[in-house]
Amino acid sequence: MKKFFKITFKIIIFFIGWAVLSGIVDVPSNTPAVWRFFAELIPLVFMLIFTIVFMLFENMSTKILFNENIAKGILTGTIVGFLWIGIPSTILIFSKQLIVAEKNTISFILLWITSAFINVVMQELLVRGYIYQLLKKDYNIFVAVLVSTVLFTAMHLGAFEAGFIPVVNVITMCLFTTMLYETERTLFAPIMAHAVWNIIGAIFLGCVNLAEDYPHMFNLISSQNILLSGGEYKIEASIIVTIINIVLTALFFIKLKFSNKYNKN
């Protein structure tokens with residue numbers, strides 16, 4: 001029981017401290033693209049500071065998997081990311097469940113892409129960084145996956161307003177990227193997969209929802225078949241994505257089991 005309260009206290013201090021400090025720093029710009037860049041950068045900076053401080057406080061006994069298989073992890077994550085967003089979006093667009101209505105011009109597009117990438121790094125550090133590794137080290141991987149999935153879902157509360165399938169998609173997305181992380185043994189793998197999903201899906205295709213001020217290159221209209229098209233929430237509320245997420249989770253879970261079995265032998 002003492003261990004439970006000790007770990008819970010650490011997690012609460014880590015999360016609340018990061019959230020409070022990230023929220024009280026003013027963003028120094030009125031230009032939308034620049035404002036969004038700093039709005040994403042500030043939480044990342046505090047996340048890095050809190051992560052480093054807490055790891056040093058524990059004499060680096062809690063370690064985040066960064067430096068193992070970096071090149072392979074980046075490559076695998078990128079490929080998986082393109083498959084993850086590419087398969088369902090291609091199916092939905094070519095089957096006319098999502099129809100391209102118009103194309104928009106995006107100013108400062110590289111800055112928007114950078115901001116979206118920074119946001120992904122921050123999310124991955126929060127969900128699969130210090131807190132995840134602390135729980136995995138002091139308890140087990142099941143507890144770490146459970147808590148990180150709850151945390152990731154809580155960061156996407158808008159999914160609950162959208163309905164049952166969007167919530168399932170958030171949960172299965174977290175499970176899939178966690179299996180990817182454990183399999184590739186580097187945080188760069190889920191970072192790249194998550195970044196490709198967000199950048200291609202939100203900024204280019206306009207079928208993934210980020211913060212409301214993010215622009216999108218294409219305007220998509222959903223068909224009447226909400227189960228497939230996702231309705232106003234587009235791909236994030238589509239059952240096609242649910243199926244893809246479950247398949248990817250299963251594939252990387254099987255790969256992880258085989259990897260663990262091979263390492264034991």
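Trainee: In which helix does Thr153 lie, and is Thr153 buried or exposed?
Mentor: This is a predicted model, and in it Thr153 belongs to the helix that spans residues 141-154, which is α6. The relative accessibility of Thr153 is 9%, and since the cut-off for burial is under 20%, Thr153 counts as buried.

Trainee: How many charged residues are in the lining of the largest pocket?
Mentor: The largest pocket holds about 750 Å³ of space, and among its 31 lining residues the closest to the centre are Met155, His156, Asn209, Leu210 and Glu236. Elements that give two or more residues to this lining are α2 (32-57), α4 (109-128), α7 (158-162), α8 (164-184), α9 (188-204) and α11 (239-264). Sorted by class, the lining has 18 nonpolar residues and nine polar ones, while the number of charged residues is four.

Trainee: Which element gives the most to the largest nonpolar core?
Mentor: That core has 40 residues, and those with the most contacts inside it are Phe14, Trp18, Met47, Leu125, Leu126, Tyr130 and Ile131. Two or more residues come from each of α1 (2-24), α2, α4, α5 (130-138), α6 and α9. The element that gives the most, with nine residues, is α2.

Trainee: How many residues are in the second, separate core?
Mentor: This second core includes Ile85, Leu92, Ala159 and Cys207. Its residue count is 31.

Trainee: Why does Phe54 count as buried, and which residues does Phe54 touch, not counting those up to four places away in sequence?
Mentor: Phe54 has its place in helix α2, and it is buried because its relative accessible area is 14%, whereas burial requires a value under 20%. Phe54 and Ala211 are 157 residues apart in sequence and 29 Å apart in space, C-alpha to C-alpha. With residues up to four places away in sequence not counted, the residues that Phe54 touches are Lys10, Ile13, Phe14 and Tyr130.

Trainee: How far apart in space are Trp197 and Phe82, C-alpha to C-alpha?
Mentor: Trp197 is placed in helix α9 and, at 4% relative accessibility, counts as buried. Not counting residues up to four places away in sequence, Trp197 touches Trp84, Ile85, Ala202, Val208, Ile235, Glu236 and Val241. Trp197 and Phe82 are 115 residues apart in sequence, and their separation in space, C-alpha to C-alpha, is 7.1 Å.

Trainee: Is Phe108 buried or exposed, and what is its phi?
Mentor: Phe108 is found in the loop between β1 (98-103) and α4. Its relative accessible area is 54%, and because the cut-off is over 50%, Phe108 is exposed. Its phi is positive, in a residue other than glycine, with a value near 55 degrees.

Trainee: Where does Arg185 lie, and what is its phi?
Mentor: Arg185 lies in the loop between α8 and α9 and, at 33% relative accessibility, counts as partly exposed. Although Arg185 is not a glycine, its phi is positive, at about 60 degrees.

How values were computed: Residues numbered from 1 in each chain as written. Predicted model: local features only at pLDDT ≥ 70, side-chain atom pairs only at ≥ 80, totals over all residues. Heavy atoms only, no water. Helix = DSSP H or I, 4+ residues; strand = E, 2+ residues; numbered from the N terminus. Buried < 20%, exposed > 50% of the residue type's maximum accessible area, 1.4 Å probe, protein only. 1 Å grid on protein atoms, 1.4 Å probe; cavity = no way out; pocket = protein on both sides within 12 Å on 5 of 7 lines; lining within 4 Å. Points joined across faces, edges and corners; volume = space filled by probe spheres on them. Nonpolar A, V, L, I, M, F, W, Y, C, P; charged D, E, K, R; others polar. Core = buried A, V, L, I, M, F, W, Y, C linked by side-chain atoms within 4.5 Å. Contact = heavy atoms within 4.5 Å.
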